[in-house]
Amino acid sequence: MSITYLENSGIISIDTKSSTYQMRIGQHGFLQHLYYGSRIGHEDMSYLYRDYDRACAGNPDDVYPSRRISFDTMPQEYPGYGVGDFRVNAISVRNADGSYGADFRYVGHEIIKGKYSFEGLPSSYDAAGDAETLSVTVRDNVTGLTLELLYGVFEDEDIITRAVRFKNDSDKEMLLERAFSVSLDIPYGKWDLIHFHGKHTLERQVEREELTHLVKVVESKRGTSSHQENPFVILADRAADEDHGSCIGMMLVYSGGFRAETELDQLGSTRLIMGIQDDQFEWHLGPGEVFEAPEVIMSYSCDGFSRLSHNYHRFIRNNVCRGKYKLAERPVLINNWEATYFDFDDEKILALADEAASLGIEMLVLDDGWFGKRNSDDSGLGDWYVNESKIRCGLKSLIEQVNKKGLKFGIWIEPEMINEDSDLYREHPEWAFAMPGRKPVRSRNQLVLDMTRPDVIEYLYGCIEKLLTENNIEYVKWDMNRSLSDVYSNATGPERQGEVLHRYILGIYELMDRICTNFSDILIEGCSGGGARFDAGILCYSPQIWCSDDTDPIHRLIIQYGTAFGYPVSAVGAHVSASPNHQTRRSTPLHTRAVVAMSGTFGYELDPGKLSDDEKAEIREQISLFKKHCGLIHSGLYYRLTKIKEDFYEAWEFVSEDGSEALLNVVVTDPQPNSPLMNIKLKGLDPDGVYVLNDESMSKHVYAEAHNPEGEERTQISGDALMNGGYTLPWLAGDYPAAQVYFVLESK
Ligand code: GLA
């Protein structure tokens, strides 16, 4: 039993393998938060908290005449609104009588076997059949607004999920103006906030900020989870690092705009809240109606960030991703985007397929430009039928020919978008978002389809169903290339426009769900102008997401480093592209590009016809090396061995959970004259074992002149030595050299 209730003290404890989360049903039905940290068994943690009369803090009527109890100072599971808690608020509600008030008191709770699920929102699931749910009901006794606070408990995974169902138990409508998924009060400690900011072509850069008394906001108002911030944040003890210290992760399972706020309050208590973005949000909750706030995946690590990342990686791979490919080896693909952009025809694609097949590539993905009159990014979106001036032989025949060469076939779509220059727009201009009397803002010359409309969903489903039924398509790259503006649905009355942004996301989920259910063998790769929708919501439908439109490997080190704090390497879409790189014009060795792309799904995004024979031979070696290690890379433990941009090289490691093998990866980002030694301490090995070393990239090294490769190289080193003394790499020279060293446990 991971959830226990002690009736005498009113304590509800949730225990995972190494964490405890505790709340108390206090006097007058106050639901107080007591503890989230290292596992402490069933100790009643209420002694941690002391009530005082805090002069300027208001007191609820039912504690009168005591002045010691105040919502403003009490640690709470889910705070109310407008009744004396002046900290950041998780809910904002306008009641039928016009008042802004909610005072939640405990009504009851249930401990249920299995994991709760949602109606229209994606969420994690109980893969092993051993999860439990805690459902706690609190109610505002004046208005009847009832909250079901949900906790999904995955004991072995050290994961607790949280979500809220808002129910109107009255006969009058109320208006939710903010309905967040989580609030967490931490009365003690000094914390930093880690968040992942970015831009198009440089997503998820790590930023760590000390929490001060200023409220901090991490958010996206773009209708997508966004390039600019990610719906994943970490609260870290000020002293925490990769291997030490407390940290708490919060990851929202949602693909639209979101908002997280932290407040260090007047008395040193920290509150973190997170949920759907409340800007342009207003939800009418009619009598008996329920609003579901998306899930937050929460994890606690007492051993720093590595352990926290491992918890998320395991959980996302096993309990968030679905379908045939969630744990399976993914095909090594070639994507024609950076090879051809819009300039291709069937002959070019078949030539690409010939080259790809001869290199050992397993799938060809036809990117943007195959449909409608799509010869540039100004037209065609919405017309999901083949562009016969380019694919003259027809799509079916093209795919058959590609398949005959031994390659699977994948295709790009961007269902949520529409160009004004398209048959679809000419027929249905009212299907695009536009505010009355205003010309909508174009982005990449495209507008956004109103995904709240059932007729739009039906049209898109019909197009995709036809495409997938008539053709042997085994992979879909599902793109979405702009932020949402001019959000206004013609199918919704003026008073409900505040629901449109969220209903848009529900529409996408409905469409993705139908596709995944009816075409369950298809591998979907999420995408959004690179990585603007890299979130756990999308991962419920696609086990991999194109990580960034920046394929420069030196930038990718930064992007993939930040991404892997929360998301597994198996989800990170990563390709080897041409040099000089198309985004930065930087030149890098083919070997380095592959070392970086191997820390992801691995594929190519270049024209192999332009490569030399030596480069082609190298690609063949890369593919066989990746296939040898992809199990280790995708399901092993991932360790960051350097802190990004702190040194002249970056290093990271994959190690199997049993410590029997490890792959060390290094890229020199700033080659040094008279170089300091690159000494790297490995992690996760068997201290008592002896490891045999194999430099997988030996022939690709450019050694500095001072290095003597003829010298004796140690080929066997103990796990203890590698973890404590480390491994010292040879002196690598040249432009951005890389190395991969494979360690295999030989004996104990
Ligand atoms: C987005 C994607 C790219 C490519 C283009 C095509 O930018 O991220 O990979 O598919 O669209 O237009």
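1. A word on domains to begin with: their bounds come from an automatic or database domain assignment. Here the protein is split into domain 1 (3-319), domain 2 (333-546) and domain 3 (649-747). Between the C-alpha centres of domain 1 and domain 2 there are 35 Å. In their contact (heavy atoms within 4.5 Å), 33 residues come from domain 1 and 29 residues from domain 2.

2. Before reading on, please note that this is a predicted model, in which local features need pLDDT of at least 70, side-chain atom pairs count only at pLDDT 80 or more, and totals for chains, interfaces and linings use all residues. Residues are numbered from 1 along each chain as its sequence is written, and side-chain values use heavy atoms, with hydrogens and water left out.

3. How much area is buried between domain 1 and domain 2? The value is about 2,300 Å², with 57% given by carbon and sulfur atoms. Buried area is the accessible area (1.4 Å probe) that two parts lose on being put together, summed over both.

4. One salt bridge is counted between domain 1 and domain 2. The term stands for a side-chain nitrogen of Lys or Arg within 4 Å of a carboxyl oxygen of Asp or Glu.

5. Which strand gives the most to the side of domain 1 that touches domain 2? That is S20, with three residues; strands (E, at least two residues) are DSSP runs, numbered from the N terminus.

Notes:
Helices (H or I, at least four residues) and strands (E, at least two) are DSSP runs, numbered from the N terminus.
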